[in-house]
Amino acid sequence: MAINLDDYTCEFCGRPCKNLVYAAFVCDDPECLEKARIARGGPGGHMKRKAEGKPIIPEGLEEVAEELKRKEMQRTGRRVPPMTEIDVKAFVKKKPVLFISFVLTVCSFAINPTLDAFGNIRYKVLGILFIFMAAMAGLKACGVFESVANGLANRTNSTRKLALVLVALPYFVSMGITNDVALLVFVPLSITILMSMGLERIMIPVLALQTLAVNVGCMITPFGNPHNLFVFTEYDLSVLDVTLAVLPYMAVGTVLLALVMMTIKDDPIPRKPDYVRGEYSKVHLWASFAIFAMGVLTVLGFLPYWACVVVALAVVLVIAWRDLLDVNYGLILTFVCLFIFTSNITSWETLANALADIIAIDPLTVTALVSQVTCNLPATVLLNGFTDDWYGLLVGSDVGGFGGPIASMASLITLEAYSNAKPGTSRKYLRYFLGLSILMFVLLIATHVVLMQFGIGTA
């Protein structure tokens, strides 16, 4: 479909159309351009339309957008793909974590060519993820996050203060609702705030610090993360046991977070977010809050996860079935792949026998190192059969959440969200995040070495 701007008039003043920007036909008057930007929902991109639950590209302009894309490809000399051709390269760029996880999973069947690994998928983790993502989809459709973003923006006057608020919230909240859930809540919120305020330049440090912050904060409670809960119940520990064991490591991690926070330039906030809240159903809003509350109760162990999944699915289907389209199924599939991969590689008998001898040397360090390959939850469950040192397993899995990209599955949540918000720039985020994460890992291992000199570091 060819587009001729002469056939259109400016949507704001009625003069001849000169541009197609911000998903609107406009003239070249700066005032009309600004109106188009505000109507679109800010420079972050389609915030208003997304908050209203509408398609990103307005109805009737899909063909126009496709035509402009094809003309640009022709102009730059790139091959123009057929409309129905699947762009594998674009998929890999948009979902790099899922693609890599899938490849690793397929390769792992060379070690264990059976279907046994499917029995080790943590369906409870997947169910809880679905519950919270369904709740988040509903809250986003009702404009809740955008309202919170507007409130926070009007209470801060500098970029560093705003960053501090965005990092401190998940740090403390993760102590009660787990690190994964804290990121599912606050990463989308932070992206919304930063993009609506034109602060994309601090998005990478804020999201990276949030990811590290939840892994530091969640250490302190038995239910702050799944591996803490596993050790807590397996060894019948008290809350004080857990708190005292991880307190020195949490203190060191918190200091590092504070120091890195100071490197964020303390500039004045350029503008308040341009936000116009769309219409929403109160039933939809309260149903979404109820699903979220159900998820919290499931994490705390008061409700069975399978029942909550069924109820959440039923509620969404009845009240707002379109919310299911906004659930991040790619993230769920990534978790499935990683569960299968870790199960397959840990079924290698030679590897298992070697671990029994190695872990006896230093359970904490070994747990932390194994977490770099299998992530900390599978590492905790795996190594539990080779030691009775609960301290080494508990602290080692917490420390092991830092370092590599799959050391903690919580880091995948942020990477996935950032990749969706800023396609094609995942490497830039990974370089920054991994630099800090590896530094945190080294400092916490060093803390363990120092504590060992004082006789602290064993059960």
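Tyr391 is buried (under 20% relative accessible area, against over 50% for exposed and in between for partly exposed, with a 1.4 Å probe and protein chains only), its relative accessible area being 5%. Trp390 is likewise buried, at 18%. The rings of Trp390 and Tyr391 have centres 6.2 Å apart and planes at 70°, so the pair is edge-to-face. Rings of Phe, Tyr and Trp (its six-membered ring) are paired here if their centres lie within 6.5 Å, with planes under 30 degrees apart termed stacked, over 60 edge-to-face and the rest tilted.

The model is predicted, so local features were considered only at pLDDT of at least 70 and side-chain atom pairs only at pLDDT 80 or more, whereas totals for chains, interfaces and linings use all residues. Residues are numbered from 1 along each chain as its sequence is written, and side-chain values use heavy atoms, with hydrogens and water left out.

The chain has 21 helices and 2 strands, taken as DSSP runs numbered from the N terminus (helices H or I, at least four residues; strands E, at least two). Of its 459 residues, 51% are buried. The accessible surface comes to about 21500 Å², and carbon and sulfur atoms contribute 65% of that area; the areas come from the Shrake-Rupley method with a 1.4 Å probe, and for residues only the protein chains shown count as cover. Among contacts (heavy atoms within 4.5 Å) with a separation of 6 or more, 74% join residues 24 or more positions apart.

The count of aromatic pairs is 6. One of them is formed by Tyr429 and Phe433, whose ring centres lie 5.8 Å apart with planes at 5°, so this pair is stacked. Tyr429 and Phe433 both belong to helix α21 (residues 426-453), where they are 4 residues apart, about one turn of the helix. Both Tyr429 and Phe433 are buried. Together with Tyr418, these two residues form one aromatic cluster.

Cavities were identified on a 1 Å grid over the protein atoms alone, as sets of points where a 1.4 Å probe fits but cannot get out; lining residues have an atom within 4 Å of a point. The lining of the largest cavity comprises 14 residues, with Asp180, Pro226, Asn376, Leu377 and Met409 nearest its centre. At least two lining residues come from each of α9 (179-196), α11 (226-234), α15 (329-346) and α18 (376-383). By class, the lining holds 8 nonpolar, 5 polar and 1 charged, where Ala, Val, Leu, Ile, Met, Phe, Trp, Tyr, Cys and Pro count as nonpolar, Asp, Glu, Lys and Arg as charged, and the others, Gly among them, as polar.

Two further positions were examined. Gly295 is located in helix α13 (residues 282-299) and is buried, with 0% relative accessibility. The C-alpha atoms of Gly295 and Ile128 are separated by 6.3 Å, although the two residues are 167 residues apart along the chain. Gly295 also touches Ile131 and Phe132, residues up to four places away in sequence not being counted. Ser238 lies in the loop between α11 and α12 (239-261) and is partly exposed, with a relative accessible area of 32%. Between the C-alpha atoms of Ser238 and Pro222, 16 residues apart along the chain, the separation is 8.6 Å.

How values were computed:
1 Å grid on protein atoms, 1.4 Å probe; cavity = no way out; pocket = protein on both sides within 12 Å on 5 of 7 lines; lining within 4 Å.
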